[in-house]
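I opened this notebook to keep track of what I looked up.

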Amino acid sequence: MHYLVFVTLLWAYSFNLIGAHLAGQVDSYFAVLTRVLLAGAVFLPLTRWRGVAPGFIAGVTLVGALQFGVTYLCLYVSFNVLTVAEVLLFTVLTPLHVTLIDDAINRRFNPWALVAAAVAVLGAGIIRYDGITEDFLGGFLLMQLANFTFAAGQVGYKHLAHRYPSDIPLYRRFGYFFLGALVIVLPAWLLFGNPERLPSTSMQWGVLVWMGILATALGQFCWNKGATLVDAGTLAVMNNMSVPVGLVLNLVIWGTETDLLLLTIGGLIILASLRINRLGLKQAR
C-alpha cells in the first residue's frame, strides 16, 4: 500500500507540473517520447535477460505498450476533442476497468470490489465534475480506451508477477516495460510529432527530466510493484486517490481555485470506498 500512496503523491505533483509548464507549450508526442527514453535509460542497464522466463518478458513488454504507450497517447489526443474538465471527469472510470478486468482474468465476479470501485468513481466524479459539453461521445470513447489500457496494464503486471515467480528482483525485470512503450510512442512521434514545438526553456527541460526519471521510471515501477502486493479492489480505489491529492496540491502550491466543499465530500467518499473493500475482504475470508 505504501508504494501506491507514494506514487499517488508523486503523480499528483507531476500532473500539476505538466499543466503549468508543458501543456500547450511543448509537443505532446515529444514529451511522452522523452519520458520513455529517460525511464528506459534508468532501467535497461539494470535489466536481466538471461534466466528470465520468455513469457514474462513478452508479457511485461505488452504491459508497457498498453499501460504507458497507448494510454498516454490517447490521453494527449483526447485534449483535441475534450475540455480539460471533461478529460479529468472521464478518467475516474478507471477503477471499474480494473475490477472488471481482474474478475475476467480470474473467471469470477467480486461484487465487493466492484462496489468499492463504483463508490471511488462517485467520489472522484463529485470532485472533478465541471460540466459536460454536448459533443463529447468521441472523446469519451477515447478516454475509455485510455482507462482500459491503463487498467489492463496494472492488472496484467500483477498477474505476471504472480505467475512467474523468480529469485531475480522485480526491478531487474522491468526494463522490458519501457521497450514496449517505445514501440508505440516512437512511431507516434515520427508520424504526428511537431519538431517546431520542442522545449525552449531550462524549466521545460527540467520538468521533462523530472517526468522521465521520477514520474515515469520510479513512478511506473513502484506503482506496478505496489499492484502486486494488494488486492484488485484496493488497487482500483487507489487509482482515484490522486484526484483529491492533486487538487489539494494544486490549491496549496499554485493557488488554483478549488471547490473545497466538493473536494472534502469526494475525498471522504473515496476513503469510504477503501473501507467497503476491506469489509468485503473480511467477509470473503
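**Entry 1: H2 against H8**

I started with H2 and helix H8 (residues 175-192), whose axes come within 9 Å and cross at roughly 155°. This is a predicted model, so I take every value below as computed from it. An angle over 145 degrees counts as roughly antiparallel. H2 and H8 are therefore roughly antiparallel to each other. I noted the hand of their crossing as left-handed.

Next I listed who meets whom. From H2 I found Tyr29, Phe30, Val32, Leu33, Val36, Leu37, Ala39, Gly40 and Phe43. Their partners in H8 are Gly175, Phe178, Ala181, Leu182, Val185, Leu186, Ala188, Trp189 and Phe192. I sorted the residues of this contact by class: 16 are nonpolar, 2 are polar and none is charged.

**Entry 2: leucine 37**

I picked leucine 37 out of that list. It sits in helix H2, which spans residues 28-43. Is leucine 37 buried, partly exposed or exposed? I read its relative accessibility as 48%, so leucine 37 counts as partly exposed.

Leucine 37 and threonine 216 are 179 residues apart along the chain. In space, I get 9.9 Å between their C-alpha atoms.

**Entry 3: leucine 44**

I moved on to leucine 44, which lies in the loop between H2 and helix H3 (54-78). Its relative accessibility is 31%, so leucine 44 also counts as partly exposed. Which residues does leucine 44 contact, leaving aside neighbours within four places in sequence? I found Gly175 and Leu179. For leucine 179 I checked the spacing too: its C-alpha atom is 8.8 Å from that of leucine 44. The two are 135 residues apart along the chain. Gly175 had already turned up among the H8 residues that meet H2.

**Entry 4: H3 against H8**

The axes of H3 and H8 come within 6 Å, and I noted a crossing of roughly 40°. Angles under 35 degrees count as roughly parallel. H3 and H8 are therefore oblique to each other. H3 passes H8 in a right-handed crossing.

The H3 residues in this contact are Phe56, Ile57, Val60, Thr61, Val63, Gly64, Ala65, Gln67, Phe68, Gly69, Val70 and Leu73. They meet Tyr176, Phe177, Gly180, Ala181, Ile184, Val185 and Ala188 in H8. By class I have 14 nonpolar, 5 polar and no charged residues. I saw Ala181, Val185 and Ala188 in the H2 contact as well.

**Entry 5: H1 against H9**

My last pair was helix H1 (residues 2-21) with helix H9 (residues 202-227). Their axes are 9 Å apart and pack at about 155°. H1 and H9 are therefore roughly antiparallel to each other. I recorded a left-handed crossing for H1 over H9. This contact has 19 nonpolar, 7 polar and 1 charged residues.

**Entry 6: the whole chain**

What does the secondary structure come to? I have 12 helices and 0 strands. Of the 285 residues in the chain, 50% are buried. I looked at contacts with a separation of 6 or more: 90% of them join residues 24 or more positions apart. The accessible surface comes to about 13,300 Å². Carbon and sulfur atoms hold 68% of that surface.

How values were computed
Residues are numbered from 1 along each chain as its sequence is written. This is a predicted model: local features need pLDDT of at least 70, side-chain atom pairs count only at pLDDT 80 or more; totals for chains, interfaces and linings use all residues. Side-chain values use heavy atoms; hydrogens and water are left out. Helices (H or I, at least four residues) and strands (E, at least two) are DSSP runs, numbered from the N terminus. Buried means under 20% relative accessible area, exposed over 50%, partly exposed in between (1.4 Å probe, protein chains only). Contact means heavy atoms within 4.5 Å. Accessible areas come from the Shrake-Rupley method with a 1.4 Å probe; for residues, only the protein chains shown count as cover. Axes are lines fitted to C-alpha atoms, for helices over the stretch in contact, and angles run from 0 to 180 degrees between N-to-C directions. Angles under 35 degrees count as roughly parallel, over 145 as roughly antiparallel, 65 to 115 as roughly perpendicular and the rest as oblique. A crossing is left-handed if the near helix is turned anticlockwise from the far one by less than a right angle, and right-handed if clockwise. Ala, Val, Leu, Ile, Met, Phe, Trp, Tyr, Cys and Pro count as nonpolar, Asp, Glu, Lys and Arg as charged, and the others, Gly among them, as polar.
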